[in-house]
Amino acid sequence: MSSYNERLQQIEELLALKPGLNEAPEQLLRAEITRYVAARYEGSRLGLREKSQLSFDLYATMRGFDILQELVEDPEISEIMVNGPERIFIEKNGRLERLPLAFDSKDHLLRVIRRCFGQGNRVINEERPIASLRFPDGSRLQAVLPPASPDGPALSLRRFTGFTPNLDELVRRHSLSPESRVFLEKAVRQKENIFISGGTGSGKTTFLNALSGAIPPSERILTIEDTAELNLQNSPNLLRLEARAPGPDGNGEVSLIDLIRAALRLRPDRIIVGEVRGEEAYSMIEAMHSGHPGSMSTGHADSPEDMLERLALLLLMSVHLPWEAVTRLLSSALNLIVQLERTESGLRRVASIVRPQKSDDGCFHLLTLFRRNAAGELLCCRKPGEGVFSERKEPKHVF
């Protein structure tokens, strides 16, 4: 690949020949770049393969992700992580790998980041050094600039692969056992409130998408997300709501709390919150507790116990209640916690399924329904005939 400065010079030549080409549609831009390269290097020693690669590089520099473009177009790569100009990692088939690839300089990487966010009409600079951007295909870009990132510009690109598995596929991949699949389908149909917990990259959003396939198509569903990632299945009466960060002037913010409160007045049968990590936890738990059974959400934690304690702390940020009251509220609102894990081989799977038990001692008590044994099998922990579904009164909808 030619150097970044050489590509910039070639792009300047092309734009001088074709003013306004920078705003042209993708197909036209690619065609004009190909014509330019063919004419400029006619009679040179460059073969067809080299010219084709150069055309690809010029397009990637103008419109794509520059040296990362080939990685972006690889369907087996799910995430690209750049920790400065010379440290580039990818996640491929569930495994992390460092690549022998580097940007020419910090300035090269910085220009690529600014151009990507500029095309998305987002601001990122020294005053606002942290920004995120969602692309039309669902992929998500997160970037951090100095001084927030003292070692240089950094970015993480999580690609939307288009893979939306159902529960049968999760069983085939050994993420679920056949028995736990039947159990979860029944839990969804019976409108159990389900919380999906797991570490980073454990597949929480993917699992929630698959679990949504068990929701009857006659129900009205509202999804609430910080960044829209959910792709619910078999849901014709679906309304998607997405939060919005404040603009450069500090105005225009739409928070998750605002969306949850609005959702309660939009006649939902179920409310699904993509991820809970702030004060919106209280609004979500309140919705589960006030006539909207069958709601679902996800959160970051390494165990169901850690997830409940984290939710309890988030609730304390919003309401002044004794710890014992908060634990009772959570144990009553959440019917099931599905804990996900990611193995060393990259497999994302269910580690356990538990049911919080009501108590008055301020501690969380969990009834384990499914757990993986030493051989990695997800087994039912209840004896045949023992009830595992909670009794629920007929919900009273709140409008």
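**Close-up 1. Leu315 and the residues around it in the predicted model.** Setting aside residues up to four places away in sequence, Leu315 touches Ala281, Tyr282, Ile285, Val326, Leu329 and Leu330. Leu315 belongs to helix H11, which covers residues 304-316. With a relative accessible area of 0%, Leu315 is buried, because the cut-off for that label is under 20%. For a sense of scale, Met288 lies 27 residues from Leu315 in sequence, and their C-alpha atoms are 14 Å apart in space.

**Close-up 2. Helix H11 crossing helix H12.** The axes of H11 and H12 (residues 323-333) come within 10 Å and cross at roughly 120 degrees. This angle makes H11 oblique to H12, and the crossing is right-handed.

**Close-up 3. The residues between H11 and H12.** On the H11 side, the contact is made by Leu308, Glu309, Leu311, Ala312, Leu313, Leu315 and Leu316. H12 contributes Trp323, Val326, Leu329 and Leu330.

**Close-up 4. Arg270 and its polar partner.** Now for another part of the model. Arg270 sits in strand E10, which spans residues 270-273. Is Arg270 buried or exposed? Arg270 counts as buried, at 0% relative accessibility. The side chains of Arg270 and Glu219 are joined by a polar contact of 2.5 Å.

Notes
Residues numbered from 1 in each chain as written. Predicted model: local features only at pLDDT ≥ 70, side-chain atom pairs only at ≥ 80, totals over all residues. Heavy atoms only, no water. Helix = DSSP H or I, 4+ residues; strand = E, 2+ residues; numbered from the N terminus. Buried < 20%, exposed > 50% of the residue type's maximum accessible area, 1.4 Å probe, protein only. Contact = heavy atoms within 4.5 Å. Polar contact = N/O pair within 3.5 Å; in protein donor to acceptor, adjacent residues only side chain to side chain. Axes fitted to C-alpha atoms, helices over the stretch in contact; angles between N-to-C directions. Parallel < 35°, antiparallel > 145°, perpendicular 65-115°, else oblique. Left-handed = near helix turned anticlockwise from the far one by under 90°.
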